[in-house]
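Got the sequence and the model open? Let's walk through them together, one question at a time.

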Amino acid sequence: MMPVVAAAPALLPALNALPTAAAVAALCVAVVAEIVLVPAVLLPGGTVTLLAGALIGAGRPALAVAVPVIVAVVAGDQLAFFSGAALTGWWRRRRPGRAEQQPARRGRTAAWLTASMPSVAGGAGMRYRSFAARILVMRVPWLAAALSAGILAAHSLARIGHVAGIAGLVASGVVLTALLVAHHRPGAVREVARRTMTMMRRLSTTIM
C-alpha cells in the first residue's frame, strides 16, 4: 500500500488526463490488486478508493466512478477470501500431518477483526457466510467515508494519502496483535478494540 500512498499526488493528474472509462478501469484493477496482495491490512483498498473520490471531486461523473469502484472492492474482497483459503488448502496438502487441525474458535470481536482482512479470513478457515455478512456490514460505511474523504480532499491528496498510510500501518499492527492474543486471552481483545478506537479518533483529529 505504501508505494500507492507515496505516488497518490502524482496519480490524480495522470488519471485526470485519461477518459473516464479508462481512469475507472485503472482504479478498479488497482483496488482489486491492493485488496488481494496486501493481506494483513484492516479493510484494504483505502488508498485507491480515496483516489476514486478525488477523481469525482475533480469533476468526473459520480456514478460512473463510484459504482464500478464499489463493485471492484466487493469483488476484490471475495477474491482475496478465496485466494487465502486456496493458499491454506495448498499448504495443508503439502503438510498432511496438519490437515486435520480445526480452526480455533474466536470470540465475536476477533471474528470481526478477522473478517476485516479478507485474505486472512479465508486462510484462517472462516465460514464464507460469516465472512460475507461481516465484510458487507463493514464495507458500506467504509466505502461512503473513503469516497467522501477523497472528494473533499481532491485538492490536497498528498495530505490525505499520508494520513491513510499511517492509519493503515497502525490498523494492521493492532489487528495482528488482537488475533494473536485472542487465542490465549479472549478478554484482551476488547481492550485492543478500545485502543484501536482511541488511535482512530486521534488520527481523525490530525486530519481536521
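Q: Which residues is leucine 55 in contact with, leaving aside its neighbours within four places in sequence?
A: Contact here means heavy atoms within 4.5 Å. Setting aside neighbours within four places in sequence, leucine 55 is in contact with Leu12, Leu15, Asn16, Ala23, Leu27, Arg60 and Val65.

Q: What kind of model is this, and how are its residues numbered?
A: This is a predicted model, where local features need pLDDT of at least 70, side-chain atom pairs count only at pLDDT 80 or more, and totals for chains, interfaces and linings use all residues. Side-chain values use heavy atoms, with hydrogens and water left out, and residues are numbered from 1 along each chain as its sequence is written.

Q: How many helices and strands does the protein have?
A: Helices (H or I, at least four residues) and strands (E, at least two) are DSSP runs, numbered from the N terminus. Read along the sequence, the pattern is α-α-α-α-α-α-α-α-α. The secondary structure comes to 9 helices and 0 strands.

Q: Why is H3 described as largely enclosed by the rest of the structure?
A: Buried means under 20% relative accessible area, exposed means over 50%, and partly exposed is in between (1.4 Å probe, protein chains only). The buried residues of H3 include Gly46, Val48, Leu51 and Leu55. H3 is largely enclosed because the buried ones number 11 of its 12 residues.

Q: How far does helix H3 reach from its first C-alpha to its last?
A: The expected span of a helix is 1.5 Å times one less than its number of residues. H3 covers residues 46–57, and its reach is close to the expected 16 Å. From first C-alpha to last, the helix reaches 16 Å.

Q: Why does the pair of phenylalanine 81 and phenylalanine 131 count as stacked?
A: Rings of Phe, Tyr and Trp (its six-membered ring) pair if their centres lie within 6.5 Å; planes under 30 degrees apart count as stacked, over 60 as edge-to-face and the rest as tilted. By this rule the count comes to 6 aromatic pairs. In this one the centres are 4.5 Å apart, and the pair is stacked because the planes are at 15°.

Q: Is phenylalanine 131 buried or exposed?
A: Phenylalanine 131 lies in helix H7 and its partner phenylalanine 81 in helix H4, so the pair ties together parts that are 50 residues apart in sequence. Phenylalanine 81 has 3% relative accessibility. At 0% relative accessibility, phenylalanine 131 counts as buried.

Q: Which residues do ring pairs link into a cluster?
A: Phenylalanine 82 and tyrosine 128 also form a stacked pair, 5.2 Å centre to centre with 25° between the planes. Phenylalanine 82 is partly exposed. Together, the linked residues are Phe81, Phe82, Tyr128 and Phe131.

Q: Which element has the lowest mean pLDDT?
A: pLDDT is the predictor's confidence in each residue, from 0 to 100. The protein's mean is 75, and H2 has the highest mean among the elements, 93. Where pLDDT is low, the predicted coordinates should not be read in detail. The lowest mean, 50, belongs to helix H9.
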